[in-house]
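Thanks, everyone, for making the time this morning.

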Amino acid sequence: MGLQFTLLDGRRHDRAGFACGIAALDEYLHRLAGQHHRDGIATTHVLIEDDQPARILGYCSLAAAQLLLDDLRPDDRKRLPAYPVPCVRLPRLAVSREAQGQGVGRLLLGHAVNCALAMRANAGVRMLVVDAKDARAASFYAEFGFRPTTTVAKTLYMALGKS
Ligand SMILES: CC(C)(COP(=O)(O)OP(=O)(O)OC[C@H]1O[C@@H](n2cnc3c(N)ncnc32)[C@H](O)[C@@H]1OP(=O)(O)O)[C@@H](O)C(=O)NCCC(=O)NCCS
């Protein structure tokens, strides 16, 4: 099956048909993602199959953010200047119920990392920050090397590129 990432397009993608099991994540895609994209609040990227291009297998959203030095664990603060750390935030990542457990979440996370690295080529970006909805979601991110901030256990981060 051919898969591709693309930016959400309400004319082509079936937002209303998406359900991941967490109402807040479904409603964001149904009602707010398009508006946030237009307003420069967050971009939403969807994963689709070539032969069913309207069906959203999963999505993630991305936005600019910052962390305070105190949010980082002491060993991650080394050599950083004494002002807020520039970041890309991944506030939402969700996989449709039918597609869960098949590696789609892993692909979406990889895509988010690639996007953040591409941004890093043009502007300072030190960390990718994720907001986990609950402890299970936090363990999903921890499995990929994200570390919890010192301040909010469900907010985790990972350094991008060379330190
Ligand atoms: C959590 C979620 C994103 C995972 O996506 P997925 O496509 O089912 O996960 P994948 O198949 O890519 O699995 C990748 C790895 O994460 C693990 N994993 C999957 N779901 C997990 C969860 N909820 N908690 C912890 N680990 C999880 C898998 O075991 C797998 O590890 P392995 O390769 O060592 O076996 C997806 O189940 C989902 O959208 N759930 C509802 C919304 C949600 O909880 N979002 C979380 C971000 S706020």
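If we sort the shell around the ligand by class, we find 10 nonpolar, 6 polar and 5 charged residues, and please keep in mind throughout that this is a predicted model. In total, 21 residues surround the ligand, and the closest are Val95, Gly103, Gly105, Arg106 and Glu143.

Let me turn to the individual contacts, taking the backbone ones to begin with. A nitrogen atom of the ligand lies 3.1 Å from a backbone N or O atom of leucine 93, and for arginine 136 a backbone N or O atom lies 2.9 Å from a nitrogen atom of the ligand. On the side-chain side, glutamate 143 has an N or O atom that is 2.7 Å from an oxygen atom of the ligand. As for burial, the ligand taken alone exposes 880 Å², and the protein buries 75% of that.

Where does the ligand sit? It sits in the largest pocket, and the elements that give two or more residues to the shell around it are β4, spanning 85–95, α2, spanning 104–120, and α3, spanning 135–142. Of these, α3 gives the most to the shell, with 5 residues.

Stepping back to the fold, the protein chain contains 3 helices and 7 strands, which, read along the sequence, follow the pattern β-α-β-β-β-α-β-α-β-β. The C-alpha atoms of the chain fill a box of roughly 50 × 30 × 30 Å, taken along the principal axes. Finally, the radius of gyration of the protein chain is 16 Å, which agrees with a compact globule, because with 163 residues such a globule would have a value near 15 Å.

Note on methods. Residues numbered from 1 in each chain as written. Predicted model: local features only at pLDDT ≥ 70, side-chain atom pairs only at ≥ 80, totals over all residues. Heavy atoms only, no water. Near = heavy atom within 4 Å. Polar contact = N/O pair within 3.5 Å; in protein donor to acceptor, adjacent residues only side chain to side chain. Areas by Shrake-Rupley, 256 points an atom, 1.4 Å probe, with all protein chains shown as cover. 1 Å grid on protein atoms, 1.4 Å probe; cavity = no way out; pocket = protein on both sides within 12 Å on 5 of 7 lines; lining within 4 Å. Sits in = over half its atoms within 2 Å of the grid points. Helix = DSSP H or I, 4+ residues; strand = E, 2+ residues; numbered from the N terminus. Nonpolar A, V, L, I, M, F, W, Y, C, P; charged D, E, K, R; others polar. Rg over C-alpha atoms; globule rule 2.2 N^0.38 Å.
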